[in-house]
Each structure stands twice: as structure tokens, then as C-alpha cells.
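Please read the following alongside the sequence and the coordinates. The text goes through a few local features in turn.

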Amino acid sequence: MGLIEEIAKRRTFGIISHPDAGKTTLTEKLLLFGGAIKEAGAVKSNKIKKGATSDFMEIERQRGISVSTSVLAFIYKDKKINILDTPGHKDFAEDTYRTLTAVDSVIVVVDVAKGVEMQTEKLVEVCRMRNIPIIVFVNKLDREGKDAFDLLDEIEQKLKLRTIPLSFPIGMGLDFKGIYNIWDKKINIFSDENKQTISEGVEFKDINVPELDEMIGSEAAETLREELELVEGAYPSFDKESYLKGELHPVFFGSALNNFGVKELLDCFVDIAPTPQPKQSETRLVDANENKMTGFVFKIHANMDPKHRDRLAFVKIVSGSFKRNTPYLHVKNNKKMKFSSPNAFFAEKKEIVEESFAGDIVGLHDTGNFKIGDTITEGEKLQFKGIPSFSPEFFRYINNADPMKSKQLGKGIDQLMDEGVAQVFVMEMNGRKIIGTVGALQYEVIQYRLEHEYGAKCSYENINVYKACWIEATDIKSEEYKEFKRVKQRYLAKDKSGKLVFLADSAFTLQMTQSKFPSVKLHFISEFETE
Ligand code: G4P
């Protein structure tokens, strides 16, 4: 098979949800339908268990699992499906944001009873910013939950998605009878007997036939007819182009736990989901079908064995094909590198492969050369855009607690930051380091890993910071900018890549600063479009 055909087969996506909505269950069922696993329970949940004995031990457990579930791949209807795992726990949101730079589309799981939850709102916002095509799966229809139309409204309002239901539930909870698949005009009946089997469904091109009443009862049939009429009247008809542009979002209903509605989702997904998309670099747009290989690192995983400091860098191949034992250019380091054992991912295992294609993820063993966002090419000096950092939520000074080990501490902090565990800011005034994280849990992880992997000890000290803001100055020579830097000297720091950051201590300060220095723009995100 040629390069273009191989690439056209790839569908690379992520599943996002608020914890407990059913992401792990859905992932597993997709693998089950794809024939990649034989039984339920094979995919381990990577979420932080409630009431875990110790947070960092739980994190270690989670790290172990997340290597094996980072990428789950299988073939379905001749398509190569790559599911990229995204941690559900909010303390790992940054990890999820980065993974979203490597997907071509996403499936959002929403719990029918809980509706749209906070974590989902945040993640979908990131997807919307990038116009990533989104499909919504409303889960747990076997339970009592919100009315389907109310939920669709909620999704439109809270997630700001223009929805179009492609399946519709017939009842819910105890009265849950099944699903009408608007996409291919079929009904699937939910019953205790077929809970764990995959039914093909019965075709109903015309829902006005009496057979429908016989099948689900007159009352349910009448309600379904009315509801479908409403759907037809109130929602636009499905248009693949609008979905691919991120302007229209299909919604499916089902119950992942009961294998229900999942096949409909998957069948539609392989039909409509995007093939590997072009990606913007600092110099040009790179198309997936280009002959030459390009790719970028979106995730780094430290080895579980603290004695060997080798890491696995996850590279999304953007164009061409990646071949084993072939020299590639690490653009930032201007260094040629060859990989004798690139890992490809299949179901829950990884194996060494000769060749992977645009859309695929390869895992490269690394001894410390890679940082998140690094680009590799066949020689072109090209840097992919778009792995931004977001302002952390928590900030603490990090101090050296063992003066004999300051070198180890420095190295440890550097490497953990390369991995993307947290962000470091160095104060302009005195060179002190501040660690910024998305969740409080990361401080424990960092302390634990510094000690166990680098033999260094650290302590933290509180600092009052509300948000880190990346600075965009319209004119760095202006008096206003100079004045800003002079007045705010004590609050300025550099991030890991040397960008200047303003650490605002409150929302009020931020507002005041912005109105006092209007030509100095403050951003909560490290990459922004300059005006
Ligand atoms: P997550 O990865 O999004 O955090 O969610 P996960 O799949 O782990 O599912 C969270 C809980 O919801 C699990 O129950 C799971 O069994 C349940 N669940 C998933 N899909 C459905 C569904 O369609 N219907 C119903 N009724 N429940 C569903 P748990 O008790 O927290 O965990 P477990 O002990 O079952 O693993």
C-alpha cells in the first residue's frame, strides 16, 4: 500500500470527559468492538482512585498504567484507529491540553444525569479554540437522567457547541427501550438479554409503520415520532464539512457499560472522522501527505525504573512515514538522531515497528534529548507551533533542602519540567525558582520524584500569586513598557523558554495593571496570535 493510502486510513482522536462520566468504559468498549481486546476489564482506569491511601503512590500507579494506555490502536473497517489517552483528573489538565495538540478529532463523554461538568467545559474550550471536530457521546442512558432535549440545550449553552443528534434515546433509566439511530435509520432494542451482545439493529427507513409500535409499544413509538419530528425541525441536517470544520457537532446517546450505542458511534466515527490533518509550523503549513517525515513530541514519559533514567518521548507523526534506523534531525538541538527501537502502539501493548505513518504515534526511547514541543524532520529546519502552556493555578517557591545536592536538584527540576510535570518560573529580581502547577497534587509528585529519581531534596514556600500572564508588548521601546517593567519588577519572571511573565497576585492587580498599561497585553496562555 502506498504512503497516501496508508495515511488516509488513520483516524487519531482523544476521548475527553469529566472524571467518572465513562471515558475508560467507552475506550474499552471501542477496543472490544474493534476486536482489539477479547473481554471487558482489560483497559485499566488511569484515574486517581478516590480515598487512595497516599496520593503520590496513587500517582505512581497511575504513571505505570498511563504508559500502557497512552495510545490504544486497532483496526476497524480497514481504518487504523489511534485513541490517545487523556488523564481525567483535573490536576493533570495540562497533560490533556498537550495531548489535544496531537489529535485530529475528539469524542466528548457526558453523563446523562450529571450533564455538562466543569472539566468538560474547560477541555472543550481548548478544542474549540483549535476547531477540532467534536462528537458528543451522552452516556449512562440506563440510568435516570436529564431529558434529551434539555441536555442538548445544555451542551449548546455550556460547551458552546452547535449540536445535531445522530441517534436518539427511546426512554431512559428503567424505561430505557433502546436507541433510534438517525444516522443509518435503525432501531436497536435494549434488553437484559442483549445487554452484552452487539446487535445490528433493525432498519426503519420509515418510522410511521405499525411495526414500530409492535416493537417498542405504541406509547414509546408515538413519543419517538414526535421527538424525531422535533429533531428534524429544530436541528440542522448533518453536514460532514461543517463537522470537519468544527462548526457542527454530532451527538450520540448510549450506555458504554451496556455496550449500547457504542457501535453506532464507532460506525459513524469511521465514516466521518477526519484523516490526519495538516499542521502549522512557524514557517509553513505541513500537509500529512508530504513525502518527508515530520513530527513533534507531545508527551514525555519518565521510566518507572528510577535507576535507568531513560524516557519515552511520544511523537505524533505529522507527515510522511517514520522509519526505524533512519537518521532524523532534532531541529532544536540541530542533531541527527537514529532510533533502533521505535515503539508503535497496538491495543494495550507496544512493539517495535519498522514504519509508522502520519497520524500514528511512535514512542522513542530518549536519554534526555527531547522536550515537549520538539520537532523532528528529515532535515528541514522547521518548528511546529502550538504546544502552549497555560497559567498554572498554584504557585510555590521551591528551595533546596540538601545543600550537597544542588546540582541534582537543578537537573531534576529541569528534566521534570521538560516532561511537563509542572512549570518553572525564575524570578527576574533574585533568580529564585517558582513551581507552578495545575493541581496541588503535583507538588507531592515533584518532591517524591526528585528524591527517588535524582537523590535531591526540596521544600516549598508559599507565595501569593493568582495567575501567570505571558507578556505581549506592542512596542518594547515605549516609555509605557519601560515603566511597566520598572513598576512591576518584583513580579516579573522568565518561563522555561525565556519568555517574560508577569505574576499577578490578585485579579484586582491584574485588572489595574492592564488598565494602567494598555499597550502591554497580558495573556493566560504562552502562545498567542500577535496583533
Ligand atoms: P472515567 O474513565 O470517565 O472516569 O469513567 P469510568 O469509565 O471509569 O466510569 C465511571 C463509573 O461509571 C464506573 O463505575 C463505570 O462502571 C460506570 N459507567 C460507565 N458507563 C456506564 C453506563 O453506561 N451506565 C452505568 N450505569 N454506569 C456506567 P464505578 O462504580 O465508579 O467503577 P467500577 O467499579 O464499575 O469500575
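Is Cys-458 buried or exposed? In this predicted model, Cys-458 is buried, because its relative accessible area is 7% and buried means under 20%. Cys-469 is buried too, with a relative accessible area of 0%. As for disulfides, the count is 0, where the criterion is a pair of cysteine sulfur atoms within 2.5 Å.

The next feature is a sheet. Strands of a sheet pair through backbone hydrogen bonds, either parallel or antiparallel. Here, 4 strands form an open sheet in the order β7-β8-β9-β10, and the pairing is antiparallel. Its edge strands are β7 and β10 (202–203), each of which pairs on one side only.

Strand β7 covers residues 167–170. Ser-167 and Pro-169 point one way from this strand, Phe-168 and Ile-170 point the other way, and all are buried. The partner of β7 is strand β8 (residues 178–181), joined to it in the antiparallel sense over 4 bridges. Within this pair, Pro-169 stands opposite Ile-179 of β8.

Strand β8 also pairs with strand β9 (residues 186–189), again antiparallel and over 4 bridges. Asn-181 is found opposite Lys-186 in β9. Helix α8, made of residues 218–234, lies across β7, β8 and β9 and runs at about 150° to β7.

A last stop is Arg-311, placed in strand β15 (residues 311–319). Arg-311 is buried, since its relative accessible area is 3%. What does the side chain of Arg-311 reach? At 3.0 Å from it is the backbone oxygen of Phe-370.

Definitions and conventions
Residues numbered from 1 in each chain as written. Predicted model: local features only at pLDDT ≥ 70, side-chain atom pairs only at ≥ 80, totals over all residues. Heavy atoms only, no water. Buried < 20%, exposed > 50% of the residue type's maximum accessible area, 1.4 Å probe, protein only. Helix = DSSP H or I, 4+ residues; strand = E, 2+ residues; numbered from the N terminus. Pairing = 2+ DSSP bridges. Polar contact = N/O pair within 3.5 Å; in protein donor to acceptor, adjacent residues only side chain to side chain. Contact = heavy atoms within 4.5 Å. Axes fitted to C-alpha atoms, helices over the stretch in contact; angles between N-to-C directions.
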